[in-house]
Amino acid sequence: MWRLALLPVLLMLVLIPVWGAQSVHADKASFLGLRALVAQPDVVWWEWDVAIYGALEERGFEVTYGDPLDQASALSQYDLVALNTRRRLTDAEAAALASYVAQGGALYASWGGPMETSGFLRDVLRAANPRSVYIRGMTLLDGPLANGIGPREIAFAEHVGHQDMRDKGWEMVAMDVLGDGLPVAKDPSGNVLGVLSEHGEGRAAVLGFGPEQEKYLVRPELGPLMLDNLLTWLLGEKVKTGPSVWSKQVSIGLPARAEITGVEMNGRAVRDYRVRRVGSVREVELSVSQIGPGQEADLRISYRPLREARNIETMIHLPWGTLRAAADSPARLADYLKSLHATVVQPLLRGGNGQAWYRGMPEDKPDGRTVTQYQGNFLSDLIRECHSRGIRVIGGIYFDSTTPVRQHPDVVQLDANGQVRRDEYGSPYACFNNPQGQEYNLATIAQLVTSYDLDGLILDDNYELDWYVNNCFCQYCEERYRRYCEAHGIAYTDPTQAGDYSRPGPRHQYRREATRNLAAKVRAITQAHGKRAGGWVSVTTDATHLAGAFDFLGGMEYTSSPRSARLVLERMGECDLLALLWAPHADPAAMQREVQEAIHSGCAAVGFWVMGEDGGYQLDGERTEAVRRAFASVEEEWLAFYRERLLSGDARFAVTAGSVGRDRLRLRLRNTGARVSRRIAGEVSVDLPRVRGPAVDIPTAR
Ligand SMILES: [Zn+2]
């Protein structure tokens, strides 16, 4: 999967996602327990909300996502409101937010913030005239944001995940500063790139860039420092005093595979508790309101005996023609994967124009090396070699656009003007919403899961009907959308009124529903063969609507930080997420840190998109070694993460003693009466049955 960034969403909204692997924080405890609200953006390109959500949660904030913004009384319970890229505010929202800030609240708006709400921008954020600029760097000005940061010239990175900087630079948002507003940075032409303001008792900031998007910086470690500075300034005294309201709720972490059978507090059964899975942990949430300041309580959680299992899967994704390099010896590829400590390999088997690197459908364009010239069946051999080494194989399939159009010449995508939509080679796109456009691709999947002993199937980039590649207005799509509108009591608007595909609205909702229906058809086919089905998505909240439709999702975290998975994992339930990181161009040290960050964000599966310089599967020596080191220690890293997640919630609580065993967890919880600096304040033994990480058998690098 290779999802190119595209399409300005607003005039100014080309994408700028995140990244980062540092955990450089001023003082981790200074934000612990503070309550933050992250607003849902009003464009579908939602990587900003996952970026700021992840950054706040990582700092210990208790973060709520997407509550209404139009009630000042509801806002007052939050220490911070992160507006991120919410562009338009209603009058009621603007009034409630202004009143929230005036009464001592803190507001942070990212990457231009509410650019389409000029009154709020002017009156509260003290900025005007927001506009796009393309720049290669900026200068940080004296002020709170620059605290402790030596070099003020901040250069932007040439490569961010799979994207390259354009000649003119990355898109940022410049603005004019008004009155008593304090500019924080300037671009090379002197345009202001962000303003801090005081409004009544509170503070606010609108930035034209994102410190939470540190992957865009040549020195990414500066991002978290700037964000710490920003939050420290915005929150003022609250950083020292801590939260004014305690949640009186805590969460206790267990491995995700735990099946809870009972909870007791001081020997008495607790009935009112909630269990939910968040990635690699299962959390038991319960009230601790009966434990007063200075008091302790014994908590006991029972569960069915845990089976031995890994907590983290490690994956290698082999895109495009990388499999060709394995045609000489599938065993050698399997050895290489084993040497990396990969537990899952996910090769792309077929592209969108029918190129196939396995023996598939008669209509495919078979690859010479892996199919026509190969003695025997390459994919069968590869699966056997991988299975014999304990590596599972998930086959990747792009929907073929060419063959359905050949079979049904009318099943083509139309744009809003009724013109046929074509790919860069001039071939029409098939409409995958139309059952006739699905037919051949579903048959491909049936053939694949019938003929091969795969462990799962994943759809590659072009299946999402709500994604820009499927922005179709053909007769079938319009007729179905009209019916959807009727069923939901919505006024149908024709394609010319559809506007930008990325604006949430009924059409977007309809397309999401159509995507779930398509996913259900795919899943029904794989389930009939006892195999799991998934789809690749961007790591955004918008993609999580597919969590119930598939068995697992692949999350592409190339430009975004692994910590962005935090908000996604909150919404995944029992559906697995495979977090895929970008290896080409990556700094080897950063690759290792990203794996650690993914694990500490709760991901239960993490891996890399790899491609060698010769187009084959072998990364260069340094990056191979980075993957090997990172994958070798995932179970140890998980254990460190698990101890962090053992207790969360009400920031006054700490564990003073305890043990976590095969079928029982016992913790002594103490309400310290004030915000703690450490969650584990005594001996806690963790003795979980698990498969040990393969740290001891790292082969010597050549
Ligand atoms: Zn269509």
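In which hand, left or right, does helix 7 pass helix 9? The crossing is right-handed, a term used when the near helix is turned clockwise from the far one by less than a right angle, anticlockwise being left-handed.

Before I continue, please note that this is a predicted model, in which local features need pLDDT of at least 70, side-chain atom pairs count only at pLDDT 80 or more, and totals for chains, interfaces and linings use all residues. Residues are numbered from 1 along each chain as its sequence is written.

Helices here are DSSP runs (H or I, at least four residues), numbered from the N terminus. Axes are lines fitted to C-alpha atoms over the stretch in contact, with angles from 0 to 180 degrees between N-to-C directions. Helix 7 contributes Pro330, Ala331, Leu333, Ala334 and Leu337 to the contact, and helix 9 contributes Phe378, Asp381, Leu382, Glu385 and Cys386. Contact requires C-beta atoms, placed from the backbone, within 7 Å.

I turn to the second pair. Helix 11 (residues 435-451) packs against helix 13 (residues 506-527) at about 25 degrees, with the axes 9 Å apart. That angle makes the two helices roughly parallel, since angles under 35 degrees count as such, over 145 as roughly antiparallel, 65 to 115 as roughly perpendicular and the rest as oblique. This crossing, too, is right-handed. The residues in contact include Leu442 and Ile445 of helix 11, and Leu518 and Lys521 of helix 13.

Finally, Ala82 touches Ala36, Leu37, Val38, Ala39, Ile52, Leu56 and Tyr108, residues up to four places away in sequence not being counted.

Methods
Contact = placed C-beta atoms within 7 Å.
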